[in-house]
Amino acid sequence: MLKENLIMLRNIHGYSQEKIAEKINISRQAYAKWESGATVPDIEKCSLLAKVYGVTVDSLIKDEKVEGIGTVPPAPAGKSIWGTVTVSDRGQIVIPKAARDRFGITGGTRLIVAADEVGIALVPVETFEAGMKKVMEYAYIDANKSE
């Protein structure tokens with residue numbers, strides 16, 4: 001788990017073992033032992049590694065598997081990878097239970113479907129409306145300032 005995540009994250013970020021070791025103030029040899037699984041970092045070093053890689057300590061030490069893909073690198077802090085879904089012929093998907101539980105999504109929950117060039121996001125209607133209300137308030141304030 002940990003050693004695979006360290007290797008994946010270091011390669012994703014384009015760091016050498018030496019560069020990571022330098023960032024957390026250890027020797028390259030000590031870091032190499034973590035990646036080989038010969039030793040493991042203490043909690044303080046795990047915390048430093050998590051900060052360097054922009055992940056949580058929890059995700060650094062866990063094994064994340066996604067159906068159809070296999071092991072994936074830890075998601076950035078505050079982000080989650082819930083797995084894959086299949087779109088039915090009618091365009092329906094089943095949101096994974098862990099995601100429904102995390103966001104309190106139950107039958108009848110209304111969601112806004114938003115998108116950019118990369119993908120689709122589901123946002124609770126209440127959250128979206130509160131954000132739009134703030135945008136409109138700022139637009140109103142700015143419009144009145146220029147008068």
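This is a predicted model: local features need pLDDT of at least 70, side-chain atom pairs count only at pLDDT 80 or more; totals for chains, interfaces and linings use all residues.

Residues are numbered from 1 along each chain as its sequence is written, and side-chain values use heavy atoms, with hydrogens and water left out.

Begin by selecting helix H1 (residues 2–13) and helix H3 (residues 28–36), which pack at an angle of about 120° with their axes 7 Å apart. Helices here are DSSP runs of H or I with at least four residues, numbered from the N terminus; axes are lines fitted to C-alpha atoms over the stretch in contact, and angles run from 0 to 180 degrees between N-to-C directions. H1 and H3 are therefore oblique to each other, a class left over once angles under 35 degrees count as roughly parallel, over 145 as roughly antiparallel and 65 to 115 as roughly perpendicular. Now show Lys3, Leu6, Ile7 and Arg10 in H1, which meet Tyr31, Trp34, Glu35 and Ser36 in H3, contact being heavy atoms within 4.5 Å.

Next, colour the largest nonpolar core, which has 15 residues, and pick out Leu6, Tyr31, Trp34, Leu49, Tyr53 and Leu60, the ones that touch the most other members. Such a core is a set of buried Ala, Val, Leu, Ile, Met, Phe, Trp, Tyr and Cys residues joined through side-chain atoms within 4.5 Å, where buried means under 20% relative accessible area, exposed over 50% and partly exposed in between (1.4 Å probe, protein chains only). The largest share of this core, four residues, comes from H4. Centre the view on leucine 49: beyond its neighbours within four places in sequence, leucine 49 contacts Leu6, Ile20, Ile24, Tyr31, Trp34, Pro41 and Leu60.

Then turn to the salt bridges (a side-chain nitrogen of Lys or Arg within 4 Å of a carboxyl oxygen of Asp or Glu), of which the whole structure holds four. One of them joins lysine 19 to glutamate 22, with the closest N and O atoms 3.6 Å apart; both residues lie in helix H2 (residues 17–23), three residues apart, about one turn of the helix. Lysine 62 and aspartate 58 form another, at 3.3 Å between the closest N and O atoms. Finally, select lysine 97 and aspartate 101, whose side chains meet at 2.7 Å, N to O; both are exposed, and both lie in helix H6 (residues 97–103), four residues apart.

Note on methods. Helices (H or I, at least four residues) and strands (E, at least two) are DSSP runs, numbered from the N terminus.
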